[in-house]
Amino acid sequence: PQEDNRQARDKKIGPYQVGNIIGKGGFGSVYKALDQTRGHFVAIKQVGLGLLNAGDLGSIEMEITLLSKLKHRNIVKYIDSIRRDHHLNIVLEYIEGGSLASILKKFGAFSETLCAVYTLQILKGLQYLHLQGVVHRDIKGANVLTTKTGLVKLADFGVAMKLADVD
């Protein structure tokens with residue numbers, strides 16, 4: 001991981017200075033990055049194109065299209081995507097609090113009151129998605145992020161499905 005972080009710090013993707021790795025997923029890694037033009041932090045989901053088959057790439061492109069259309073306070077905001085020779089970089093809103101799964105590991109079981117606060121926000125995000133005809137299909141602690149003020153945001157739409165596409 002230290003080698004990954006060192007290589008990432010030497011890298012710029014568009015206007016973004018890439019920092020430390022903050023997560024890993026099935027298709028790649030997520031980095032914290034600094035937007036050099038606006039001065040705020042973003043998350044960059046970096047997907048190696050060499051390891052993908054056509055179906056995987058199609059799924060990721062669908063995720064980008066889907067995310068770019070979703071606008072709700074309980075959904076992680078899509079900012080940009082930048083394709084380079086060997087990587088597709090999806091730029092997303094940086095959520096500083098981390099996932100509910102990581103918070104649970106650090107602090108232990110949530111109180112009933114906190115569970116209610118988080119659940120209500122998750123349901124508001126899901127309600128919005130369903131009104132848009134989108135089914136997330138991967139709700140779990142690792143895909144629910146929280147800000148430092150306790151605002152919950154749904155993330156990782158890699159297996160989400162637009163119901164119109166099923167027809």
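The legends below describe close-up views of a predicted model. Local features require pLDDT of at least 70 and side-chain atom pairs pLDDT 80 or more, while totals for chains, interfaces and linings use all residues. Residues are numbered from 1 along each chain as its sequence is written, and side-chain values use heavy atoms, without hydrogens or water.

**View A. The largest nonpolar core has 30 residues.** Such a core is a set of buried Ala, Val, Leu, Ile, Met, Phe, Trp, Tyr and Cys residues joined through side-chain atoms within 4.5 Å; buried means under 20% relative accessible area and exposed over 50%, with partly exposed in between (1.4 Å probe, protein chains only). Ile60, Leu70, Ile75, Ile122, Leu129, Leu154 and Phe157 have the most contacts inside this core.

**View B. The buried residues of α4 line one face of the helix.** Helices (H or I, at least four residues) and strands (E, at least two) are DSSP runs, numbered from the N terminus. Tyr118, Gln121, Ile122, Gly125, Leu126, Tyr128 and Leu129 are the buried residues of α4. They fall within an arc of 155 degrees, taken from the directions from the helix axis to the C-beta atoms. On the other side, Glu112, Thr113, Gln127 and Leu131 are exposed.

**View C. Leu151 lies in the loop between β8 and β9.** Leu151 counts as buried because its relative accessibility is 16%. Beyond neighbours within four places in sequence, Leu151 is in contact (heavy atoms within 4.5 Å) with Arg73, Asn74, Gln121, Leu145 and Thr146. Leu151 and Arg73 are 78 residues apart in sequence, with their C-alpha atoms 8.2 Å apart.
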